[in-house]
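Subject: Structure for you to look at

Hello,

Here is the structure I said I would pass on. My notes on it follow below.

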Amino acid sequence: MSGDTTVKTEQFVEVVGGTLAILSHETGEPVGPTTSIGAEPCVIGRGKHCQLSLEDSRVSTSHCVLVATERGIRVTDLGSTNGTFVHQVRLETRNAVYLKADARLRCGHTWLALRFAGKAQVPIAPTSVFGPLVGGSSAMRRIYAQLAKVARHDLNVLVTGETGTGKELVAQSIHGASRRRGGPLVVVDCTTIPPSLAESMLFGHERGAFTGAVARQASPFVTARSGTLFFDELGELPAEIQPKLLRALESREIQPVGAVRPQPIDVRIVAATRRNLHAEMNAQRFRNDLYYRFAQVVVDLPPLRDRAEDIPQLVAALFAKIGDPGAIERIDKPTMDRLMRHEWPGNVRELRNVLVAAHAQSDGGPIEVTELLSARPAADWSPSSPARRAFPVVKRELLDGLERDYFARLHAETGGSLSEMARQSGLSRTTVREYLERHALRSPGEPDLK
């Protein structure tokens, strides 16, 4: 395990907190106790996992979430059916707003009064690394402090964030800083579990338990004993297995297919997902009681575009990892500025792929990245430029940029799955492959698309 996992938390950042009160339908005055809004997310909805549960039939299982930040109290709709309103304005799903003054919110038929309660200090780690995680931004240092605290206990952890933000690295860092670090870290990739084999793949099976079971298969719960079991892409877990997995987590025992007796389990559970599990619960594709079991602690990784100040350190770490730490000296300031301005739809994974390709092409000279980054002509376009250039040229450049941006984001969000890219884009696999090859959206060493 690389990096420093000894974290002290004498340093702090200030966040803007507040309280939330339910308003009476008759008087419009607060009724009942208030709910504090702090650095830990406060989910509002009808589910038992919610910090504020509302008895309102027009409120979704997971309706919205509030959290105290340095910029104000962030309010985000979680894909609710009937919307979240700030005063009379409906929020777009997953688009956050930051409030810096008292406000009224509406969820379903219920009005809530948000009142500010001043600033509070939240501990951050004094280090810029935690296990394999790298970045000295306050957002990441808050996460390091959270991980150091969580790692000491066996609470289940759910890691959320966009594709490529480093969710598996969080699992590694928790495992490496925990009392279970001497045991195994076993990964269960939920994207590879077919519904028909889910019970066998999760709980194991005895020889002869079903046709094709020619040998005994141990459950990952068993192979991870005394260690950590990491469920990657939990949002892809087949619905058919969710009730049985819930029972296993509640009882702390599993029963392999064909076995006579259950087996006790001794694992720490960490899970990760790029999906909005709150929206999945609202759509009844993911059980809210199972979410509650997995999400005893939630760690939300920020996208790279929200922590651009970490990019120079990430670049240095990535070059060191590929065995050429001196390569950082071959990136000039304009190139580094270009890296820090880029949107990075694929996050740290995309940054790594760009740097590996740029390093390979540099042949020991200056490292250039411009041709490898998604073109953004619409942002660089000015009304005066077409007058000096032919319209077909400008049009082609704009369309090329649109194509590259679209397929770069699609490639990042689907993890490079050709079938999933074809499904989401409505194009054939052959056409998608042609676009990817046209815009060089496959990194060196990436296996053939399937």
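This is a predicted model: local features need pLDDT of at least 70, side-chain atom pairs count only at pLDDT 80 or more; totals for chains, interfaces and linings use all residues.

Residues are numbered from 1 along each chain as its sequence is written, and side-chain values use heavy atoms, with hydrogens and water left out. Helices (H or I, at least four residues) and strands (E, at least two) are DSSP runs, numbered from the N terminus.

Two strands pair if DSSP finds at least two bridges between them. Buried means under 20% relative accessible area, exposed over 50%, and partly exposed in between (1.4 Å probe, protein chains only).

Cysteines. Cys64 is buried, at 0% relative accessibility, and Cys190 is buried at 1%. A disulfide is taken as a pair of cysteine sulfur atoms within 2.5 Å, and by that rule the count is zero. The cysteine sulfur closest to that of Cys64 belongs to Cys107, and at 3.7 Å it is too far for a bond.

The open sheet. Five strands, in the order S15-S16-S19-S14-S20, form an open sheet with parallel pairing. S15 (185-189) and S20 (297-300) are at the edges with a single partner strand each, so one side of each has no neighbour in the sheet. The twist averages 20 degrees from one strand to the next; angles run from 0 to 180 degrees between N-to-C directions, and axes are lines fitted to C-alpha atoms, for helices over the stretch in contact. S16 and S19 run parallel and are joined by four bridges, with Arg268 in S19 as the bridge partner of Thr228. Helix H1 (residues 138-151) packs on the sheet, touching S14 (157-160), S19 and S20, and its direction makes about 155 degrees with that of S20. Contact means heavy atoms within 4.5 Å.

H5. Gln242, Leu245, Leu246, Ala248 and Leu249 are the buried residues of helix H5 (residues 242-251). They fall within an arc of 160 degrees seen down the axis, so they line one face of the helix; the arc is that of the directions from the helix axis to the C-beta atoms. Among the elements that cover them are helix H3 (198-203), strand S16 (228-232) and helix H7 (288-294). Just after H5, Arg252 has a positive phi of about 60 degrees.

In helix H9 (residues 333-341), Thr335, Met336, Arg338 and Leu339 are buried. Their arc around the axis is only 155 degrees, which puts them on the same side of H9. Lys333, Pro334 and Arg341 are exposed on the other side. The buried residues of H9 pack against H8 (311-321) and H10 (347-362). H8 and H9 pack at an angle of about 110 degrees, with their axes 10 Å apart. That makes the two roughly perpendicular (65 to 115 degrees; under 35 counts as roughly parallel, over 145 as roughly antiparallel and the rest as oblique).

Regards
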